[in-house]
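Welcome! Take a moment to look over the sequence and the 3D structure below, and then we will walk through two parts of the model together.

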Amino acid sequence: MNVRRIGMVVNPAAGGGTAKEVGASFARTVVDAGCEIVGLSALSADVALSNVRGALRDIDALVVVGGDGMVHLGVQAVAQTDVPLGLIPVGTGNDFAAATGVPLVPADAIAAVMRRVVDGTAPRSLDLLRVEGAGVEGGAPRWVAGAVSAGLDAAVNARANRMRFPKGASKYVVAAVREILSYRSWGYRLQVEGVDLTPPLRAGLERFPGVMIESSAVAGEHHLRWESRGALVTAANTSTIGGGIRVAPDALLDDGLLDLILARDVGALTAGKLFPLMIAGKHLQSEDLRAVRARTVTMESSDAPADWPAVYGDGERIGTLPVRVEVAPGALRLLA
């Protein structure tokens, strides 16, 4: 890999404003290494994304400085292209950085990116999630690096985004407690295709309210439907959301499958008991949840349109149901 021109986008608000200094440090390091930095930042994410897309033919790599929101911006531009993505984490959650082993200390992350640039190390090939459907705001498909949430998890995300205090990942915990106290459920209709169904998993799914298992023409694959009121639906590519909440503890970034987590309508009391287990990644031991691996999931709501759950991906609002989420194997090339 020969990287000479590196595009950079900085979220100036990330890290309490420290991202600007981190970005400047990265730019100096790039120039000192004999490479060229191409500044693509803008006052809005939409303009920054337009800048990146316009520069793709002229850069050899894209580096984003910020949190999961900047990862989300970056993958919209570089998904299924030959341009690799580098990450300098200066965000609130940094779930994607943690999942990929990117150093969480900015100086260490800069050094890691530059080692790969100077050494010519081939980028890692990782999966992404592609989200499309009538519920996607703006109509165009969206790429998600981490997880797609529709339910209590998305409501927590929305509340956390509105909160000014506390700072850091702890605000997700505060937001979760507040959402649990005002608990609600949603009506779901899910069609899940390409399910990796082992005998123990099948037995567990058959006991889960609203699940219907269907055969597939492909050997070793199955489809299933889930029609029920529920508290949470997450299609995960990485194991954590919300700054370390282990919603899908067994999720892998390069297995060609998404991890789908379903929680039935449990009520506020049980939701409050499950949340600490989710932080520790032990919630899937509960009979109130199920996890399956699959290629695609189509999510619809049986509620009235005004009550459709919001959909979030990488901490960013995508829209509402209905959406279809499909794993795209090897869609991202990562400098890590």
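Predicted model: local features only at pLDDT ≥ 70, side-chain atom pairs only at ≥ 80, totals over all residues.

A crossing of two helices is called right-handed if the near helix is turned clockwise from the far one by less than a right angle, and left-handed if it is turned anticlockwise.

**Two packed helices**

- Two packed helices are described by the angle between their axes and the distance between the axes.
- Here, helix α7 (residues 170-181) packs with helix α9 (residues 267-280) at an angle of about 160°, and their axes lie 9 Å apart.
- Angles over 145 degrees count as roughly antiparallel, so α7 is roughly antiparallel to α9.
- The crossing in which α7 passes α9 is right-handed.
- On the α7 side, the contact is made by Val173, Ala176 and Ile180, while α9 brings Ala268, Ala271, Gly272 and Phe275.
- Sorted by class, this contact of α7 with α9 has six nonpolar residues, one polar residue and no charged ones.

**The second largest pocket**

- How much space lies in the second largest pocket? The volume is about 350 Å³.
- Its lining consists of 21 residues, and those nearest the centre of the pocket are Leu201, Leu284, Arg290, Ala291 and Val292.
- Two or more lining residues come from each of these elements: α8 (199-206), β11 (258-264) and β12 (289-294).
- Which element gives the most to this lining? That is β12, with five residues.
- By class, the lining of the second largest pocket has ten nonpolar, four polar and seven charged residues.

Definitions and conventions. Residues numbered from 1 in each chain as written. Heavy atoms only, no water. 1 Å grid on protein atoms, 1.4 Å probe; cavity = no way out; pocket = protein on both sides within 12 Å on 5 of 7 lines; lining within 4 Å. Points joined across faces, edges and corners; volume = space filled by probe spheres on them. Helix = DSSP H or I, 4+ residues; strand = E, 2+ residues; numbered from the N terminus. Nonpolar A, V, L, I, M, F, W, Y, C, P; charged D, E, K, R; others polar. Axes fitted to C-alpha atoms, helices over the stretch in contact; angles between N-to-C directions. Parallel < 35°, antiparallel > 145°, perpendicular 65-115°, else oblique. Contact = heavy atoms within 4.5 Å.
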